[in-house]
Amino acid sequence: MKITLILFLTITLISQGYSGSLSCKGRCGESYDCLNDCHCDSQCQQHEDCCDDYKKQCGRRVYKHYTALASVSDAEIKSLSETLYKLDHNRATASELVIDPQTLISSSETGSRDDQSSRPLFKQVSSTLLSKPTYKALLNLLDNYRRVTGEAEDVPSKEVEEQDTFLQQTMNTDVGSELYNFLHSKGIYSSQSEFIQDLKMMWFGLYSRSSGKLDSSGFEHIFAGEIKGGKVSGFHNWLQLYLNEKKGLLNYYSHSFNGPWTTYPDVLGMQFEWDGYFKEVGSAFIGSSPEFDLAIYSLCYITRPGKKCHVSLGGQTLGIQTYTWDKSSYGDGKKYIASAYPATP
């Protein structure tokens, strides 16, 4: 009797599409698991080990970044970004972060390469702030990269673990969970594991900016910074600015834009020299948490890839410019993130 009941339940589940590890239903974008009989991760086609219904179940997600354009309105982006701003509980307070912006220059002066600020930009950064889980996770990642394009990146297993830790720590925050819940409600991601896996590929997947070598990623370009053609490329994260200034590798020159915010996160458009290389205008959030930077850039990239995305932060409107990397792709045609930063006048 028991055998008959088990057989009946098994046949019923299969007929409804629930074939366990043999189906991709509810598993699209999951992390690779060697115990599964077949797979539904973004690399399964490359390794020729996808489940038979992979294209049927997951193919419709291939261009989610682009179909999201129609399903997410400008008003929703502004509303969500305002919520993310309010939920950024790990942002710096005035006692945890003190900066000294000094000289404000005009947009016509940004290429002059004149050091018009005699003092460092950062006067004080609290160790308590830097010890928070998402900050620690980000700091562990920032020394993983070869900054000169054309030099292939080496990604040992420890660095992959650091990537996973960073993404999971951001998901453990109110900011990360709020972003996922919104995108899930729009049908863009069916599970948090699918969302994290896509973020991992979108941000950390390697592509070539020079000489055909896998020398770059969205994370390296935006958070860590690169050197290309004798100039600083990317470099839009305040913690990386602070670390390099503290080490004596970064010389802050001036700023050509200071946002209207009186508390953190703020936005600065800066001029600086990074170990002998110049950045004419490097814009970044100042005092934001790592999860906020990742969330606001990901929101804009997923919903407005390659365009200016208009967000609202503390009642103030800001443009976020994103760019797609169109020379290569991951999964079934998804585009890596090439760049993202706060747009300044």
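Two strands count as paired when DSSP finds at least two bridges between them. The model described here is predicted. One of its features is an open sheet of three strands, in the order 5-6-7. The pairing is antiparallel. Strand 5 and strand 7 are the edge strands, and each pairs on one side only. From one strand to the next, the twist averages 30°. In general, strands of a sheet pair through backbone hydrogen bonds, either parallel or antiparallel.

Strand 6 covers residues 266-274. Eight of its nine residues are buried, so the strand is mostly covered.

## Bridges and the hairpin

Strand 5 spans residues 250-258, and seven bridges join it to strand 6. Two facing pairs can be picked out here. Asn 251 stands opposite Glu 273 of strand 6. Tyr 252 stands opposite Phe 272 of strand 6.

Strand 6 and strand 7 form a hairpin with two residues between the strands. Within that hairpin, Asp 275 takes a positive phi near 50°.

In soluble globular proteins, nonpolar side chains tend to be buried together. The largest nonpolar core of this model has 81 residues. Helix 13, residues 290-303, gives the most to this core: nine residues. Trp 203 and Phe 219 have the most contacts inside the core.

What does Phe 219 contact, leaving aside its neighbours within four places in sequence? Its partners include Leu 138, Leu 141, Leu 142 and Tyr 145. Phe 166, Trp 203, Phe 204 and Ala 224 are also among them. A second core of eight residues is separate, and includes Cys 28, Cys 51, Tyr 54 and Cys 58.

## Two crossing helices

Two packed helices are described by the angle between their axes and the distance between the axes. Helix 8 covers residues 157-171, and helix 10 covers residues 192-204. Their axes come within 11 Å. The axes cross at roughly 130°, and the two helices are therefore oblique to each other. The crossing is right-handed.

Both helices supply several residues to the contact. Helix 8 contributes Val 160, Gln 163, Asp 164, Phe 166, Leu 167, Gln 168 and Met 171. Helix 10 contributes Gln 192, Phe 195, Ile 196, Leu 199, Lys 200 and Phe 204. Phe 166 and Phe 204 also touch Phe 219.

Terms used:
Residues are numbered from 1 along each chain as its sequence is written. This is a predicted model: local features need pLDDT of at least 70, side-chain atom pairs count only at pLDDT 80 or more; totals for chains, interfaces and linings use all residues. Side-chain values use heavy atoms; hydrogens and water are left out. A nonpolar core is a set of buried Ala, Val, Leu, Ile, Met, Phe, Trp, Tyr and Cys residues joined through side-chain atoms within 4.5 Å. Buried means under 20% relative accessible area, exposed over 50%, partly exposed in between (1.4 Å probe, protein chains only). Helices (H or I, at least four residues) and strands (E, at least two) are DSSP runs, numbered from the N terminus. Contact means heavy atoms within 4.5 Å. Axes are lines fitted to C-alpha atoms, for helices over the stretch in contact, and angles run from 0 to 180 degrees between N-to-C directions. Angles under 35 degrees count as roughly parallel, over 145 as roughly antiparallel, 65 to 115 as roughly perpendicular and the rest as oblique. A crossing is left-handed if the near helix is turned anticlockwise from the far one by less than a right angle, and right-handed if clockwise.
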